[in-house]
Amino acid sequence: MHFLNNLINQNAFSLNPIIKTKLFKKNLNFLTSFHYKKSNLYKKYLNGLNYQNKQNSNLSEIPFLPVRLFKEFDFLSIKKKEIFKTLFSSGTTSGNLSKIYIDKANALNQIKVLQKIFNNVIGNSRLPMLVIDRENTILDRNSFNASAAAIKGFSIFANQIVYLLNEKGNIDYKILSNFLKQNHKNKFLIFGFTSNIYLNLIKKINKKKIDINNFSNAFLIHGGGWKKIEEKKISRNKFNAYLNKNLGIKNVRNYYGLVEQIGSIFFECKCGYFIASNYSDIIIRDENLNICKKGETGLVQLLSLLPTSYPGHSILTEDIGEIVNDHECKCYGHGTRFLIHGRLRNAELRGCSNI
Amino acid sequence: MNEDKSIEYLVGKKAKLDVFVEPFSFKIVSFLDDLSKSLDSKINNKNFPDLKALSFFCRKNNILNLKSKHQNNDTTRFGLGLLFHITPSNIPTNFAYSLIFGLIAGNSNIVKIPLKKFDEIALICKSINHVLGKTKHVKIKDMITIIRYDGKKDLLTKKFSAICDARLIWGGDQTIANIKKFDTKPKNIDIPFSDRYSISLINSEKFLKLSEHKVLNLIKNFYNDTYAVDQNACSSPHLILWNGRLCEKAKKKFWFYLDNLVRKKYDSPLISTVDNYSRLASELIKNKNIHSFKNLNKSLYVVTLKKLYPNLYISKSKWGFFYECNINSLKNIGHVTRRGLQTITYFGFSKKFLKAFFEANNFNGIDRVVPFGQALNINLIWDGYDLTKILSREIEIR
């Protein structure tokens with residue numbers, strides 16, 4: 001899309017709220033009409049909802065697709081032969097996978113946008129990266145699961161990638177010490193899923209085998225959700241404090257995003273808020289799907305300007321969050337500040353199914 | 001039975017293989033009556049309607065009443081022996097009914113309860129332990145073991161499957177298929193209570209003639225059949241069939257009153273908002289048979305279908321998500337009675353009329369036809385099984 005070319009030359013957090021709202025209103029309405037024409041399934045959805053105003057809806061009136069539907073349907077706004085890659089994610093409510101179809105232009109925009117955002121988080125230069133995972137031996141170039149996609153996505157910021165875990169999933173201390181010996185004097189990245197960071201860098205790591213002074217230049221980025229380690233009842237603050245105290249890692253940043261929505265990637269700033277870039281925004285909805293006020297907790301709806309290959313520009317997630325009411329910070333630049341409080345639980349239904 | 005550490009014993013340690021008595025044995029009736037009293041004393045001021053219903057079921061008068069309906073005094077019957085119950089995670093009292101049916105039929109019981117720790121389950125087990133502590137019920141001790149273990153521990157399921165005389169398997173089709181993998185004794189009987197759905201049948205003309213008071217009462221009964229269990233019981237209606245000449249007017253009134261009651265009374269978690277909206281979105285995309293939909297509140301969605309047709313698929317909705325359709329002829333019910341249909345709750349028809357109708361039409365798959373308000377009343381005949389008969393054997397004496 002034309003406007004993206006203009007936007008991509010700016011800082012990723014340059015738009016003030018008034019300009020951003022205007023831009024989003026225009027382009028999200030465009031995307032709604034665009035996908036209505038291109039995707040038969042999406043058309044059925046909007047027709048079913050009796051959605052009339054396809055040109056001039058306010059942001060809060062733009063229809064949203066529940067994220068679960070990406071598991072049930074193959075949403076496509078391009079021809080099958082134009083599919084460049086397919087993203088898969090496993091959700092929490094069932095074993096089914098979401099399937100997201102991306103064409104070349106979308107894939108390219110996704111990388112560009114991620115890079116623009118990342119510049120604000122870490123800077124412009126490429127850094128050595130220690131991945132807290134196993135090396136994925138077989139990577140199909142055209143189809144990615146969530147973990148492979150994330151590692152692959154972040155790898156563009158690295159000039160060297162080293163995997164910490166051996167084939168059995170244990171820490172390879174030799175690899176670790178070689179990596180640190182080589183890189184500890186300058187800024188370097190540590191990347192991993194929240195659960196893997198917890199398991200390996202907090203629980204398993206043998207402090208006798210490492211020198212915590214070697215981690216002082218580390219910048220640790222983690223994401224993928226707290227769900228797996230929820231039962232450990234570890235808060236963000238505790239998590240960060242552990243890493244600081246035990247390993248000497250001062251910079252720890254969580255990221256949040258949906259595989260289902262390209263362009264929606266959010267990094268914590270140093271104050272602990274996720275911040276929406278020029279390319280995405282967030283709306284919080286209550287139990288009746290009405291808009292919540294700032295500071296109120298509710299369901300997260302995400303908006304993104306990027307998806308053109310599939311109707312994913314407005315998605316109702318199953319995450320719970322809030323838009324920050326006060327103490328707004330100046331980090332990165334403009335953009336809605338928000339917190340994520342986790343994912344909806346599979347509620348304990350009364351009734352007679354499941355054991 | 002074993003010392004496996006992965007089992008938690010809530011009641012008993014060793015239900016015996018060879019303990020069985022006659023159905024409706026006096027010992028059992030007396031035990032259940034004491035259990036009823038113990039439950040009452042524990043719940044007196046607390047809001048546990050399902051426990052009250054359970055306690056009511058266990059009363060001596062009720063059991064003797066059931067006995068007079070179900071017992072033929074001319075025959076000689078005994079329990080099969082040892083029953084293995086695999087009970088569902090969601091209706092907290094379900095395991096107790098399964099156990100009670102097993103006891104009434106005269107059997108010894110191993111009851112596997114869900115991992116989820118409901119207050120109701122703890123309270124029922126406490127009551128059972130309390131009553132079993134009395135000397136007069138010492139023999140019943142051999143007949144009850146209540147255990148909790150992770151269903152993924154196949155070895156335990158395998159072990160119990162190998163020794164029991166019947167398995168009562170409550171759960172989804174997947175669970176049933178999984179349990180059936182484990183070998184049993186040759187004469188073992190499996191009684192699967194699989195996933196079902198249910199419908200309601202309303203006579204629109206009769207409904208519109210009701211006084212305000214009676215409308216409120218009917219709506220309350222419908223609410224109890226559905227919202228009391230988040231519409232997630234197999235016997236809660238999912239599809240409402242409207243019959244008669246005044247369907248449109250009746251529908252409007254019915255949903256209006258239900259909307260009011262639901263807004264006032266029903267409390268559901270945030271995930272229900274997402275579940276209901278996602279179900280609606282999915283239906284709008286894939287279901288060609290939708291005429292229109294109403295979203296009256298977050299817990300009352302009504303999808304109006306164009307028509308019923310043979311083998312129409314009805315999804316088992318929950319949290320107050322209903323399908324509705326008009327039917328000119330009751331014979332159209334036949335389109336939705338395939339194997340999965342469990343209960344029809346009805347209003348505005350006489351029992352006599354319905355009995356004659358269902359006898360004449362021989363539909364596949366209906367297990368129960370009951371008035372509004374009785375959908376959840378579990379009984380000795382469930383899912384079409386006459387449990388006291390199936391769980392006991394007859395000795396033919398000439």
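Start with chain B: among its contacts between residues at least 6 apart in sequence, 76% join residues at least 24 apart. Contact here means that the C-beta atoms of two residues, placed from the backbone, lie within 7 Å.

**Before you click**

This is a predicted model: local features need pLDDT of at least 70, side-chain atom pairs count only at pLDDT 80 or more, and totals for chains, interfaces and linings use all residues. Residues are numbered from 1 along each chain as its sequence is written, while chains are lettered from A and ligands numbered from 1 in the order in which they are written.

**Stop 1: all of chain B**

Colour chain B by secondary structure. It has 13 helices and 17 strands. These are DSSP runs numbered from the N terminus: helices are H or I with at least four residues, strands are E with at least two. The radius of gyration of chain B is 22 Å, close to the 21 Å that the globule rule gives for 398 residues, so chain B is as compact as a globular protein of that length. The radius is taken over C-alpha atoms, and the rule is 2.2 Å times the number of residues to the power 0.38. Along the principal axes, the C-alpha atoms fill a box of roughly 60 × 50 × 45 Å. Of the 398 residues, 44% count as buried. A residue is buried if 20 or more other C-beta atoms lie within 10 Å of its own, exposed if 12 or fewer, and partly exposed in between, with C-beta atoms placed from the backbone.

Now colour by domain. Domain 1 of chain B covers 8-194 and domain 2 covers 197-371. Such bounds come from an automatic or database domain assignment. The two domain centres, taken over C-alpha atoms, are separated by 32 Å.

**Stop 2: the six-stranded sheet**

Select strands β1 and β3 to β7 of chain B. They form an open sheet in the order β1-β5-β4-β3-β6-β7, with mixed pairing. Strands pair if DSSP finds at least two bridges between them. At the edges are β1 (8-11) and β7 (189-193) of chain B, each pairing on one side only. From one strand to the next, the twist averages 20 degrees.

Zoom in on β4 (residues 108-113) and β5 (residues 144-148) of chain B. They pair in the parallel sense over five bridges. Val111(B) stands opposite Ile146(B) in β5(B).

Angles run from 0 to 180 degrees between N-to-C directions; axes are lines fitted to C-alpha atoms, for helices over the stretch in contact.

**Stop 3**

Show α1 (residues 26-43) and α3 (residues 60-70) of chain B. Their axes are 8 Å apart and they pack at an angle of about 145 degrees. Nonpolar means Ala, Val, Leu, Ile, Met, Phe, Trp, Tyr, Cys and Pro; charged means Asp, Glu, Lys and Arg; the others, Gly among them, are polar.

Move to Ile163(B), in helix α6 (residues 154-163) of chain B. It counts as partly exposed, with 16 C-beta neighbours inside 10 Å. Not counting residues up to four places away in sequence, Ile163(B) touches Leu17(B) and Leu82(B).

**Stop 4: two positive phi angles**

Select Asp230(B), in the loop between α9 (212-226) and β9 (237-243) of chain B. Its phi is near 55 degrees, a positive value in a residue other than glycine. Asp230(B) is buried, with 23 other C-beta atoms within 10 Å.

Jump to Asn50(A), in the loop between α3 (40-49) and β1 (65-66) of chain A. Asn50(A) is not a glycine, yet has a positive phi of about 60 degrees. Asn50(A) is exposed, with 9 other C-beta atoms within 10 Å.

**Stop 5: chain A and the interface**

Buried residues make up 41% of its 355 residues.

Finally, show both chains. 33 residues of chain B are in contact with 28 residues of chain A. Helix α11 (residues 270-286) of chain B gives the largest share of chain B's side, 11 residues. By class, that side has 16 nonpolar, 12 polar and five charged residues.
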